[in-house]
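Thanks for coming, everyone. Please take a look at the model on the screen, and I will walk you through it.

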Amino acid sequence: MTEILIKARGVGKRFNGFTALKNVNIDIPVGRIVGLIGANGAGKTTLLNAILGLASYEGQLEVLGLDPSKDRGQLMQDVCFIADVATLPKWMTAGQVIDYVASIHPRFHREKAMDYLARTSIPLDRKVKALSKGMTVQLHLAVVMAIDAKLLVLDEPTLGLDILFRKKFYQNLLEDYFDEERTILITTHQVEEVEHILSDVIFIKGGEIVLTAEMDELTSTYTELMVAPGKEDEARAMGPIRTGTSFGRTTCVYANKDRATLGSLGETRRLGLADIFVVTMTGEGQ
Ligand SMILES: Nc1ncnc2c1ncn2[C@@H]1O[C@H](COP(=O)(O)OP(=O)(O)OP(=O)(O)O)[C@@H](O)[C@H]1O
């Protein structure tokens, strides 16, 4: 049986009467890369904080078989996370940050961190306070990716990074870091940059989980059709959940329709995750 790494049952969170999380039920197995996707204020960080034992919550949470509200110390031996604000000691140099983590963390691999750092332009003798915003994030990522953890939680990890580094980061994450023993939980608004590495997605809205699905299953549900000239009526008769125009051609989005049949009406393609999110959130898919 597949090991469940994160199990949530009826998890809720209230801030002074405001409900930020409501009845969250999830099972995340080991060896997955899960995208937690939601609009601003949907409750993503609140849920991650509960999972990491950084905030109190109602209901039951089990992470690596532990209760994050009670066993945070033990949990942190196998969990790594990057919050959306990089918090490294500003008075240290980049090299001292590496030395420091090497001295306190038994699962930190210095060579790996140095290898990641070598792909940046961060000088080891430069203080954190003198690094640019993006370089600080790069240093933080180099440290975290060099720690041998079972669960890696990334909250908007690439905020402030340039496009080349973002691409490289996700590539490294998939090729160098990830294996079937590890699980990665990631939130980002730049979904088009992560969709190719995700195995599963969780959509959250107003503190409630509205969809959990495997990526393959989800992307095979929706088809976008660029309708061939003269085929518009037939395309509309197939019951699209959304229509539009692109370069003067009609486009239609369908849920659960045979792709071969649609193919006779024009060019088809899978809908990207960002569009699937919009369709799901606006209820067009129902
Ligand atoms: N300490 C707090 N006190 C009061 N309300 C809070 C607190 N922390 C979060 N909230 C509220 O809970 C809701 C969810 O916030 P959260 O930070 O989890 O959203 P998010 O999905 O991570 O959003 P974003 O994508 O904008 O980072 C928001 O309405 C937020 O204002």
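One definition before we start. A residue is buried if 20 or more other C-beta atoms lie within 10 Å of its own, exposed if 12 or fewer, and partly exposed in between, with C-beta atoms placed from the backbone. Take G73. G73 counts as exposed, because it has 9 C-beta neighbours inside 10 Å. G73 is found in helix α2, residues 72-75. From G73 to E224 is 151 residues in sequence and 48 Å in space, C-alpha to C-alpha.

Now the ground rules. This is a predicted model: local features need pLDDT of at least 70, side-chain atom pairs count only at pLDDT 80 or more, and totals for chains, interfaces and linings use all residues. Residues are numbered from 1 along each chain as its sequence is written.

The overall picture next. The protein chain has 11 helices and 13 strands. Helices (H or I, at least four residues) and strands (E, at least two) are DSSP runs, numbered from the N terminus. Along its principal axes, the C-alpha trace spans about 70 × 45 × 40 Å. Of the 286 residues in the protein chain, 37% are buried. Now contacts: two residues are in contact if their C-beta atoms, placed from the backbone, lie within 7 Å. Among contacts with a separation of 6 or more in the protein chain, 69% come from residues 24 or more positions apart.

On to the sheets. Two strands pair if DSSP finds at least two bridges between them.

Strands β3 (residues 33-38) and β8 (residues 200-205) run parallel, joined by 5 bridges. There, G35 stands opposite V201 in β8.

T243 has C252 in β12 as its bridge partner.

Now the ligand. Which residues are around the ligand? They are F15, F18, A20, G38, N40, G41, A42, G43, K44, T45 and T46. Near here means that the C-beta atom of a residue, placed from the backbone, lies within 6 Å of the molecule or strand. β2 (18-29) and α1 (44-51) each supply at least two residues of this shell. The largest share, 3 residues, comes from α1. By class, the shell has 4 nonpolar, 6 polar and 1 charged residues. Ala, Val, Leu, Ile, Met, Phe, Trp, Tyr, Cys and Pro count as nonpolar, Asp, Glu, Lys and Arg as charged, and the others, Gly among them, as polar.

Stay with α1. It is mostly covered, with 7 of its 8 residues buried. The buried residues of α1 include K44 and T46. After α1 comes G53, with a positive phi near 75°.

Helix α5 (residues 133-145) is also mostly covered: 10 of its 13 residues are buried. Those buried residues pack against β5, α3 (94-104), α4 (110-118) and α6 (163-177).

Last stop: backbone angles. Most residues other than glycine have a negative phi. N23 has a positive phi of about 45° although it is not a glycine. N23 is found in strand β2. N23 is partly exposed, because 15 other C-beta atoms lie within 10 Å. N256 is not a glycine either, and its phi is positive, about 55°. N256 lies in the loop between β12 and α10 (259-263). Is N256 buried or exposed? N256 is exposed, with 11 other C-beta atoms within 10 Å.
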